[in-house]
Every structure is written in structure tokens, then in C-alpha cells.
Amino acid sequence: MVVHNPNNWHWVDKNCIDWTRQYFNEKLVNISAVGDDKDVFVKSISSVEGDVEVCQRKGKVISLFDLKVVFEIKGHSVSQSKKEGEFSGSITVPELAYDSTEDDLQFDISIYNEDADSEKMRPLIKKELLPKLRDSLIKFGHDLITTHSSDIQLSSDKVNSTYTKANQETAQNTPAAAKKASNPTPPVQKNSPSAAAAAKSESNSSVPKYNTSTLHLEPTFNTTAEQLYITLLDQQRVAAWSRSNPSMGSFPPEEGSEFSLFGGSISGKFLKLVPNEKIVQLWRLEDWKSGHYAQLDMQLIQGAGETKMVVKWSGIPVGEEDRVRGNFEDYYIRSIKITFGFGAVL
């Protein structure tokens, strides 16, 4: 990041949301807990929503962030019959903010297809896994500033203002800053073949670049996974809940085939179809820049009397999250429930 800010006086900020997703994947995935005949671990980061910025003014660096994070978890348990069973679920952190303390962090646990065996996982998750997640999450703000402060400031030897220089040197003399200075990251050679190739590739790309976000929902339907799978893919059923004629192949559509819903307001391509279990699509709204698609992953998890749809988007343009969420809740979830009686509508 190029800084043109004499004496580090003016406000400079840096968007760090992409780095944040990478950070959580490196620090949190595979965190695990083990108990008697049970184990659980973080399989992946399902969603990171919100804003993350590192800012500086008058030589002082601060972070401003407010995030919602969803983890996918998996584990094993052994029942009284000694038969091993797998379980999966999610943990949602509704708010991780720049001023959050350890006591502020809340964790919402969801276990898919919960039964007597998987229910026993909750004490292990609460007692052993959540403290490890809490310890890692509370370090995020410190690591964010330590990693990115040098990108938004001129080095102190280029600062003439006594005031801003003192602010900057105070921060740089902290133990964390000193440790980073003793192990600097090797500079990227601007004229290296790899850098030139990367720059050329980026400049030649025809796909518009958005800052993107993720989105995670877990609606439930009072029906089977089989019926919900058909409802999402069969032309006649889609026409019923979308109140329009969809453009898509006859049921079941082929992987790689394209679709269009709501008169072209939504379009995309089927990437993967696992009968009664999973639908993965390229998915876009009509007014997004040409060539840009999000990926929509819908996993259907059959329970005793209902089916949970675990919905995950990646690649949503920043600022579009609320619009996508609202449209999906109204025109997919609510409409399907009303049309086919698959559950109560709040």
C-alpha cells in the first residue's frame, strides 16, 4: 500500500477483510477438543461478514472492525453400543468487535440432525472447544494492527513532526512491534518474473474485481430432504414458489447447465448436484457487473421431523449482503413455506 501522508498526520485507512478471512482459516481451522469417547474440531470457516479496517492519524494506529463469524464443526461420538457416529454443526459468533472483551464473546451452537448421541457433544464443545476459540478470537485485534500498521504509515525516519513521530515510536517500541521488526518479511522484488506475471494476469482479467463477502443462513423446513431437493430444482415447483417461469433443464438438471429465475433477475449455473443432499451453483443478481458470480452452496440435512438447509454464499460484493439475505429469505424461504406448507412463516 502506497502512503502519501506527510508526517503521518492525515487519516489513512486500509480494508483488511480478505486478510481477515485468511487469518481465521490459518488460526482457527482444525482447533479441536477431545473427551471421553468424543471429539470435535473446526472443519472450516463458513462465513465472515462485516467490516475490518486499520486506520492511522497523527502517528497513531487503531483498528475498527465489527464481524459475524460462522464456523463449521465436525466430530465423532461413540454410543452405548460402541458404534461410532459422525456429527456436524456450526458455531456462530454474532459479534466480534474492536472493543470486544473475552466476556463479551457469545457463541451460538447448532448441531445438525441432533439426537441422543450428538446432544452429548454440547458439554464438550462448551467446556473444551469454546475456550480455545475465545482465546484465538480475542488476539485478532492485536494481530491485525501488528500486521498492517506499517502499511499505512511512513517510516519514522521520514517523519519531521515531533508529535506524530513520538506517537509512532511509542507504538513501535512495544514488544510485539519489536518482535516483528527483528523478523521482517522479505520485500517483494517489483521486477521479478512472478510479480510481473501476476500484474499482467490481473490487468488482462476481463472479470470485474469486487471486494467480496460471505453469507450464512440455516433455515429449517417441515419436510424431507428429498422433497426440498425436488422443490428447489423441479421446473413446475420452482414456477409455483417463484411466481414466474424459470429457465432451467427438466428435473433433475445436469451439472454445468444454466438457469434463470424471476424473469432473469437471478441467473447462474449448476456446479454440483448430490441428490437430496447438496446443490452448488454459480449465482448472480442481474445488476451485478457482467461476469461476476457468487457461489451458492445449499446443503440439505435431514432431521427427525424437519430438514435444515445450510446456505453459504461466497463472493457476494461488499454492501450487497443485506439485499441478498433479504431477497433469499423472502423470495426463496418464505415463498416455499407458504406455497407448499413446509413450515411456519414468522
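## Helix packing and a cavity in a predicted model

Helices α8 and α9 are roughly perpendicular to each other, because the angle between them falls in the range of 65 to 115 degrees. The model is predicted. The axes of α8 and α9 cross at roughly 80 degrees and come within 5 Å. On the α8 side, the contact is made by Q227, I230, T231, L232 and L233, and on the α9 side by Q235, R237, V238 and W241. By class, the residues of this contact divide into 5 nonpolar, 3 polar and 1 charged.

Helix α9 also packs against α10, which spans residues 321-340. The axes of α9 and α10 come within 8 Å and cross at roughly 105 degrees; α9 and α10 are therefore roughly perpendicular to each other. From α9, the residues R237, A240 and W241 take part, and they meet Y331, Y332, S335, I336, T339 and F340 of α10. The residues of the contact of α9 with α10 comprise 6 nonpolar, 2 polar and 1 charged.

The crossing of α1 and α3 is right-handed. Y23, F24, K27 and L28 in α1 meet L133, S136 and L137 in α3. The contact of α1 with α3 has 5 nonpolar residues, 1 polar and 1 charged.

| Helix pair | Axes come within | Crossing angle |
|---|---|---|
| α8 and α9 | 5 Å | roughly 80 degrees |
| α9 and α10 | 8 Å | roughly 105 degrees |

The structure holds 1 cavity of 30 Å³ or more. About 90 Å³ of space lies in the largest cavity. Its lining consists of L232, L233, V238, W241, M248, F259, L261, F270, Q281, L296, M298 and Y332. The elements that give two or more residues to this lining are α8 (225-233), α9 (235-242), β9 (258-261) and β12 (294-302). By class, the lining has 11 nonpolar residues, 1 polar and no charged residues.

The peptide bond from F251 to P252 is cis, with omega near -10 degrees. P252 is placed in the loop between α9 and β9, and both α9 and β9 are among the elements that contribute two or more residues to the lining of the largest cavity. The other feature is at N30, where phi is near 80 degrees, a positive value in a residue other than glycine. N30 is found in the loop between α1 and β2 (32-35).

Conventions:
Residues are numbered from 1 along each chain as its sequence is written. This is a predicted model: local features need pLDDT of at least 70, side-chain atom pairs count only at pLDDT 80 or more; totals for chains, interfaces and linings use all residues. Side-chain values use heavy atoms; hydrogens and water are left out. On a 1 Å grid over the protein atoms alone, a cavity is a set of points where a 1.4 Å probe fits but cannot get out, and a pocket is an open set with protein on both sides within 12 Å along at least five of seven lines; lining residues have an atom within 4 Å of a point. Grid points are joined across faces, edges and corners, and a volume is the space filled by probe spheres set on the points. Helices (H or I, at least four residues) and strands (E, at least two) are DSSP runs, numbered from the N terminus. Ala, Val, Leu, Ile, Met, Phe, Trp, Tyr, Cys and Pro count as nonpolar, Asp, Glu, Lys and Arg as charged, and the others, Gly among them, as polar. A crossing is left-handed if the near helix is turned anticlockwise from the far one by less than a right angle, and right-handed if clockwise. Contact means heavy atoms within 4.5 Å. Axes are lines fitted to C-alpha atoms, for helices over the stretch in contact, and angles run from 0 to 180 degrees between N-to-C directions. Angles under 35 degrees count as roughly parallel, over 145 as roughly antiparallel, 65 to 115 as roughly perpendicular and the rest as oblique.
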